[in-house]
Amino acid sequence: MEVNLDKVSIRPLAPSDADYLLKWLSNPAVLEFYEGRDFQCTMEAVQEHFYASEPWMSRWIVTYNRGPVGYLQSYPVVGEMRTEYGFEGPEEAVYAIDQFIGEPEMWGRGIGRSFLRLILRWLEREKGAEVVLLDPHTDNARAIRSYLAVGFQAIKLLPAHELYEGMMRDCWLMAYYPDGRRLPGGIVPLSGNRNLRELGGIQNREGTAIRPGLLYRGGALDGLSAADCEYLYRLGIRSVVDLRTEEESRRAPDSLKGFRDVLVYPFPLLDGVFVPGEGEVTDGLPGMYCAMLDGLTSQPMIAELFRKLPELLEEGGALFHCTAGKDRTGVISMLLLELFGAEDRVIVENYSRSQELLEDPLKIQWRLERDYRRILPLSFFQSAPENAEAFLRHLREKYGSARGYLRNAGLKDEEIGRLVGMMGQD
């Protein structure tokens, strides 16, 4: 059986295709993105990897104008893989795919997108697939853009997931849902920032969702690649709110600063807010969050940011960030979500999700000591749900709500209402 789309088609793997596989997987340019350049490809290895009797596996050759150009395989996700990927229950038919284009001169022509659409259509119609997964390396920007273009979305970071060229590599778990669902507060998969997410799709208690493509939260942007910057621009981001201190911004300037017509606005929330050193911590992160909320310098700054946000959103999407993307960014996110009327459970989950996306807390602790000569407990590099719960308690006990907080900080009801109205789904 052959499945076609324009000039691209997929057909079942045949014994005569072994020579193509041997050729493709002997090319270092291909191995850089599939298997690794340390993979020693022989005909025996081809037979073992691609022709073993595995009835559950569907293997395909991708053709362009009838000429073989790549390989594709699909299989059901079961057992430990299903648990690792977070699909423990049997209620959904989950499949995964692996693929590569073996002719480098064919890269960048849209062939990958075409054969992905073919296999997705086939899996839905012939296998009843309700979810289709793939797991690209986090730095494989070209492949990730193709996956996003056909409807995949990043749903999870898989740290040290795949042994590649002697090192364990991080991967994004990406999912395609044939029914078109989009997960709220989705990850934006970048090579230079692991903790960048949007607030779009998150609902309030009335069921109204935050508009997609409007508000984004993230960590430091100094490591973004040119492809990352271009992708964020295509998402519609035109404003960046930098919540870091002046020293942090000087040491690691935003990559989006000066990129096309993107404007960066400094709002250094921690300037003037005391961050205790080791041995002096009494209230931990909740204490720091409350200090930002109540501070003589930070509270007016937060008020000014919320006053300015509608103006920024008129120009396009706004991305606010700090260094890790969980503390200062978390405070602003929690205020925005509480103001919008999201349930506490949703606010806490959005805050806590940074934990799975951040690198090893020990590495962050070491870098902080190296760069800033400051030692903080490991708890400062985590995002425990209790931190968000304590923040929300303080907010309500002292101000009643985020709306009450902004009123106390000087915003008028019409200013608050304008922001909330802009956030809501049309």
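1. Buried means under 20% relative accessible area, with exposed over 50% and partly exposed in between (1.4 Å probe, protein chains only). The model is predicted: local features need pLDDT of at least 70, side-chain atom pairs count only at pLDDT 80 or more, and totals for chains, interfaces and linings use all residues. Residues are numbered from 1 along each chain as its sequence is written, and side-chain values use heavy atoms, without hydrogens and water.

2. Look at strand β5 (residues 94-101). Eight of its eight residues are buried, so β5 is largely enclosed by the rest of the structure. One side carries V94, A96, D98 and F100; the other carries Y95, I97, Q99 and I101. Helices (H or I, at least four residues) and strands (E, at least two) are DSSP runs, numbered from the N terminus.

3. Next, the partners of β5. Strand β4 (residues 67-76) runs antiparallel to β5, joined by seven bridges. Y71 has F100 as its bridge partner. Strand β6 (residues 131-134) runs parallel to β5, with three bridges. Here A96 stands opposite L133. Strands pair if DSSP finds at least two bridges between them.

4. I237 stands opposite G317 in β13.
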